[in-house]
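Hi,

Here is the structure I said I would pass on.

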Amino acid sequence: MIKNQIQSNENKKINSYEIEKLKKNFPNYFDKDANFLIDKFKKMLIEEEIDIEKEGYELSFLGKNYAKLQTSLETETVVVPDLQHNLKDDNINSENMYIVGDNIDAIKHLLNSYSNKIKCIYIDPPYNTGSGDFVYSDNFKFTKENLAKSIGIEEDEAERILSLAGKSTHSAWMTFMYPRLMLARDLLTDDGVVFISIDDNEMTNLKLICDEIFGEENFIAQIIVQSNKRGQTYKDIAKTHEYILVYAKSSATKIAQLNGNGEGFSMQDNIGGFSERELRNRNPKFGKFNRPNLFYPIYVNSNEKDKNGYYPVSLEKDEHFSVEVLPLNSKGEESCWRWGKDRLIANSDKITMENNVVGKLKRTGEFGVYEKYRNPKVTSKTIWFDNELYSSNRGVWDEKEVIYEKGSVQLREIGLSDYFSFPKPLDLLKKCIQLGTGFNDDEIVLDFFSGSATTAHATMKLNSEDNGNRKYIMVQLPEGIDKDKAAYKAGYRTIDEIGRARIEKAAEKIKKETKADVDYGYKLYNLKKPEDKTLDKIIEFDPHENFIYDDMTELFDFNGVGGRETILYTWLNMDGYGLTSNPEKIKLYQYKADIYKDTLYIIDPGLTSQDAMELIKKIEKDEINLSRIVIYPYSVVFNVIHELKKNMKSLKNGKTISLIERY
């Protein structure tokens, strides 16, 4: 179960992860002794007319070799399903997931079943201002001697790497981020995209890391997000923005356009989203004399205003529509409208006020006429202004408020007020998800720094708006909450508890408001590391014993969840079936085994020779169709396993089935 991973980790080198990818994708460039045939590989590159660059530069920082070693090490945690939660009506068939644990372990588990399957990743990693908001918390298992040996460095450098623990330096932050991004890249589909929120403190370093991992050619954009209207003064300049770095997995990636009927626009009405365009033709070549049919008065009703500050217009003057507006430029010179009278009539309705042509007061106190622009698809720009993403629900925005309070307002609306500092607003995440997944797509969205779970909330909200079927995977460390915090006083003890509460409350709100038929549930999993005494029992176990005195599945009992379920779901994911699969039971003679698709799992103790023979009969009679049988050898006595192996080699129907023992 864990023994294999522990033994494997003893032989890992800093580039083992990359070498394994080479072996998988280019097996013909390795000889029988696993030596890489570099000259043969170079010849192939030359024949394909690919230039081999001999000079260049590479990213270097203290801890990089250790960061690369982390990508090679297998996780020593197991996946523990929360059965009480997962079997609830809203969750039993859900394809959404929430994983509680260290995200580097979670990513390693996900790679087993979700490699090349995640379309969009959004993360908001901890910012490193150097003031304690980020601390590198790695609990090094190495001494300076064995770390130096493992990654091929001098002991003094190994000692400096070990000293990164508990630090908030640039090197510590990069050591933390590098392996997570390197592994996460392999989760993305070939046309997948990643969005990473960041501020100035690590912006440059993050871009260097992403250039190395994703490739400079796959850089999409550095988006500037207005996050604070007043700004935080730093060295006499008020900082009012943050960034989102956008990278693609490959050249196959196409960034989607935004939905002009609602998303990506600063204002909304009952029809949908829109931006405004002045109806006056701003081209100085066009005016009253060369476009006389486009020069005419438009009348505004100055006594009736909608929530966006717009007034209805008409071509006819009466007691209500009494303010005349002509197409005049800023100098008072006669210009012309972009539309003729017929088009304007077709786009204005003074009864419903959902006009596509409206009046609006200018700063000068005079009225102008504007078109509500509703292009069904628009291309996103690299500057995202506050009125798109953070506009207040209370109408006019108070200049004294910081822009990103919008995220806090949205938490307050579902009863989670003041539990997070500066949570990202829904509109920001909805925009990223829409750009990353497109419209109505059946895609997976991953956030492995889930925090307040805005990404999950945004995914459900977006699905409810465009009838989408996007799934989300959230990962959050069970970080403790300080006793003086409002969340602690409300009964929450870890960050993930608040995130999960947010998902459930948001789902309830969206369902009530929209009645949309989307996936409101989620499956819950905890990542747990067995205690040392458990590992000792596993490692010391003698598989040749003919008697098993203890139920060794109990070694993986966690929080009331039986070890059998932990082993089963860890293996289901390991075998590529994912974490939302629902296995079934199959009875042999007396023993009940777990089966999912073409794999049979023998985990519980009690398998007898009669059960083994019954299994053989079912296979030979084609009553079950298997490609592999996976055994927990700590539960099955040696002679029964031996008997099963022997009979599997000579099946009457000629089938070949793998029998795998997992220690």
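Let me start with arginine 412, which counts as partly exposed because its relative accessibility is 37% (buried is under 20% relative accessible area, exposed is over 50%, and partly exposed is in between, with a 1.4 Å probe and protein chains only). Arginine 412 sits in helix 13, residues 405-412 (helices are DSSP runs of H or I with at least four residues, strands are E runs of at least two, and both are numbered from the N terminus). Leaving out neighbours within four places in sequence, arginine 412 is in contact with Glu405, Ser417 and Asp418, contact meaning heavy atoms within 4.5 Å. Glutamate 554 is 142 residues away along the chain, and its C-alpha atom is 42 Å from that of arginine 412.

Some housekeeping before the rest. This is a predicted model, so to speak of local features I need pLDDT of at least 70, and side-chain atom pairs count only at pLDDT 80 or more, while totals for chains, interfaces and linings use all residues. Residues are numbered from 1 along each chain as its sequence is written, and side-chain values use heavy atoms, with hydrogens and water left out.

On the whole chain: there are 21 helices and 26 strands, and 52% of the 663 residues count as buried. The C-alpha atoms fill a box of roughly 100 × 60 × 55 Å along the principal axes. Of the contacts with a separation of 6 or more, 73% are between residues 24 or more positions apart.

Strand 24 (residues 599-602) and strand 25 (residues 628-631) pair in the parallel sense over four bridges. Threonine 599 has arginine 628 as its bridge partner in strand 25, and isoleucine 602 stands opposite isoleucine 631. In a regular strand, side chains alternate between the two faces of the sheet. In strand 25, Arg628 and Val630 point one way and Ile629 and Ile631 the other, and all are buried.

Which residues bring helix 4 and helix 7 together? Asn65, Tyr66 and Leu69 in helix 4 meet Leu147, Ser150 and Ile151 in helix 7. These contact residues divide into four nonpolar, two polar and no charged (Ala, Val, Leu, Ile, Met, Phe, Trp, Tyr, Cys and Pro count as nonpolar, Asp, Glu, Lys and Arg as charged, and the others, Gly among them, as polar). Helix 4 (residues 64-72) and helix 7 (residues 144-151) pack at about 75°, with axes 10 Å apart, which means that helix 4 is roughly perpendicular to helix 7 (65 to 115 degrees; under 35 is roughly parallel, over 145 roughly antiparallel, and the rest oblique).

Last, serine 250 is in the loop between strand 8 (241-248) and strand 9 (258-259). Not counting residues up to four places away in sequence, serine 250 touches Asp190 and Asn218.

Cheers

Methods
Axes are lines fitted to C-alpha atoms, for helices over the stretch in contact, and angles run from 0 to 180 degrees between N-to-C directions. Two strands pair if DSSP finds at least two bridges between them.
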